[in-house]
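Hi,

Here is the structure I promised to pass on. Have a look, and then read on for what I found in it.

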Amino acid sequence: MPVIESNGGQIWRRRDRTQTLLRWGMWLIGTAVFLYCWKQISDATTWFFVWDAPRIANDIWTRATPPKWEYITQLGRPIWDTLNIATLGTMISLCIAVPVAFLAARNTTPSRFIIRPLALLIIVSTRSINSLIWALLLIAIIGPGVLAGVVAIAIRSIGFCAKLLYEAIEEIDESQVEAVTATGASRWQVMAYGIVPQILPAFAGIAVFRWDINIRESTVLGLVGAGGIGLQLQSSLNVLAWPQVSLILLVILLAVVISEWVSAKVRGAII
Amino acid sequence: MSAAHPAHRELDDMLGRRWRKPHLIARPWLRWTLGIGLAVYLVAAFLTIPVDWHRVYEGLDRGWQFVLAFTTPDFVTRFADIREGMIESIIMTVAASVVGIAISIPIGLGAARNIAPLPVYMICRGIVAVSRALQEIIVAILLVAIFGFGPLAGFFTLSFATIGFLSKLLAEDIESMDRVQAEAIRASGASWMQWINYGVQPQVMPRLIGLSMYRLDINFRESAILGLVGAGGIGATLNTAFDRYEYDTAAAILIIIIVIVMGLEYLSGLIRGRVQ
């Protein structure tokens, strides 16, 4: 136990001297790195604009309020598109994520050295690229529109769903699988009666969770031209129609809150 | 004998019948409503999505070129742009993570019901809710409008998003901590600071470090798109590359992003393994 001697008595310390020095050094390096980063950001900033920011913010606020309520009539279709992008995207991604997850899980993969790393690569690469970037790419390939949004959301969700799902598969109770195998079941029967029932609740939870995230993401996909309410946001921003912008932001906020509520309710019912 | 016990009767009913898998949703009416509703929705959704199949067919060729570009990524031609954008992304990520984590610790403490008094709790939960409801890219658009183009807007965006994420998870962790240890510290006559420092902090520290690493990872991924709306980082370079159909440069940028994310994930795995 680290102690310090003072006036002949021993006083308890949390760390001994080397640990303290080491920590101090780490903090020093960390602070230096942070200050360097801040310096770079600061150099790239026009500070005049920043000092002017409160006035600008106030200006935007006065322009944006009150929201242009009658504009809501033009938002019906974009909201429907947004919902479709999120829902269809989630469904397609689940169809792809399930096989990928089975290939990636240690206990179900057909080959540990070839197929599993491949499946993991798919998971990492689809996960690390944001759906907006996928949307940009798909717009360049298949043209702007809802379809690009659906596919972007689908690709982006594969990694997320497959990762959570393969972790669920790896955590299953092997004794049930063994019991089904012992009855002479084929490989597919083992899958259907031994593994699937165990991961079904996790699967449903993941699906709803991802759908909730996808609603959020699909509201902004339109910013790059992939359909949905983001298109309206972009065009309103382009013509500086701030009352419309504020209404759209309110609608997006409402959509996010509702989807989060739905997903929490459904997950509560499943678990 | 069989009529004596309800469980036996249930068993007798099942005897002689073929076993069937129980349904995921037990109540038939709910199952059917959901199934039919889903089918109707799918038909409606497919009918309302306009798809220009001709355009899609034409695009397949470009898609294939992009896939090919991944085998020959071009790091060299736009090296200066890529390097500048990447460094800006990393700088934004690091600075925003540090500031975001530093702010989210007090807010996380305030949002934990077993530590904070009710008014503080309500305020902190409000901050968390607002931060979580607004997406990064929308915050970035507003902040770019207010602060002008550049990494400062991105820095504020990421810090703001970090607060919502980290405070919420930290508060949940504090709420589920072991009260006994904290009470023991308090019983020794500790002040509030000492109580937090010796009673609460050691319990939540491993998870806080793990979450911070995870958030660093998320922040880096998000910083890659902030450039699309002018908030600094690699996104602007990437956008230009797509606009000019320079797929090999775009592929190079995407590969760098994937590698850095993988590296961060590996690092966070190592650090989490050490602290837990």
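Helix H5 of chain B, residues 118–133, has 16 residues. From its first C-alpha to its last, H5(B) reaches 22 Å, close to the 22 Å expected at 1.5 Å a residue. Please keep in mind that this is a predicted model. The buried residues of H5(B) are Tyr121(B), Cys124(B), Val128(B), Ser131(B) and Ala133(B). What covers them? The cover includes helices from both chains: helix H9 (187–221) and helix H11 (242–270) of chain A, together with helix H4 (79–110) and H7 of chain B.

The axes of H9(B) (residues 192–226) and H11(B) (residues 247–275) come within 9 Å and cross at roughly 175°. Angles over 145 degrees count as roughly antiparallel, and therefore H9(B) is roughly antiparallel to H11(B). On the H9(B) side, the residues making the contact include Pro206(B), Ile209(B), Met213(B), Leu216(B) and Phe220(B). H11(B) contributes, among others, Ile257(B), Ile260(B), Leu264(B), Ile271(B) and Val275(B). Taken together, the residues of this contact divide into 13 nonpolar, two polar and four charged. Among those listed are Asp217(B) and Arg221(B) from H9(B), and Glu265(B) and Arg272(B) from H11(B).

Staying with chain B, you will find Val51(B) in the loop between helix H2 (28–48) and helix H3 (53–71). Is Val51(B) buried, exposed or partly exposed? With a relative accessible area of 27%, Val51(B) is partly exposed. Leaving aside its neighbours within four places in sequence, Val51(B) is in contact with Val56(B) and, across in the other chain, Leu147(A).

Now to chain A, which is divided into domain 1 (1–40) and domain 2 (72–270). Taken over C-alpha atoms, the centres of these two domains of chain A are separated by 45 Å.

Trp12(A) counts as partly exposed, at 47% relative accessibility. Pro2(A) is ten residues from Trp12(A) in sequence, and their C-alpha atoms are 6.5 Å apart in space.

Best wishes

Technical notes: Residues are numbered from 1 along each chain as its sequence is written. Chains are lettered from A and ligands numbered from 1 in the order in which they are written. This is a predicted model: local features need pLDDT of at least 70, side-chain atom pairs count only at pLDDT 80 or more; totals for chains, interfaces and linings use all residues. Side-chain values use heavy atoms; hydrogens and water are left out. Axes are lines fitted to C-alpha atoms, for helices over the stretch in contact, and angles run from 0 to 180 degrees between N-to-C directions. Helices (H or I, at least four residues) and strands (E, at least two) are DSSP runs, numbered from the N terminus. Angles under 35 degrees count as roughly parallel, over 145 as roughly antiparallel, 65 to 115 as roughly perpendicular and the rest as oblique. Contact means heavy atoms within 4.5 Å. Ala, Val, Leu, Ile, Met, Phe, Trp, Tyr, Cys and Pro count as nonpolar, Asp, Glu, Lys and Arg as charged, and the others, Gly among them, as polar. Domain bounds come from an automatic or database domain assignment. The expected span of a helix is 1.5 Å times one less than its number of residues. Buried means under 20% relative accessible area, exposed over 50%, partly exposed in between (1.4 Å probe, protein chains only).
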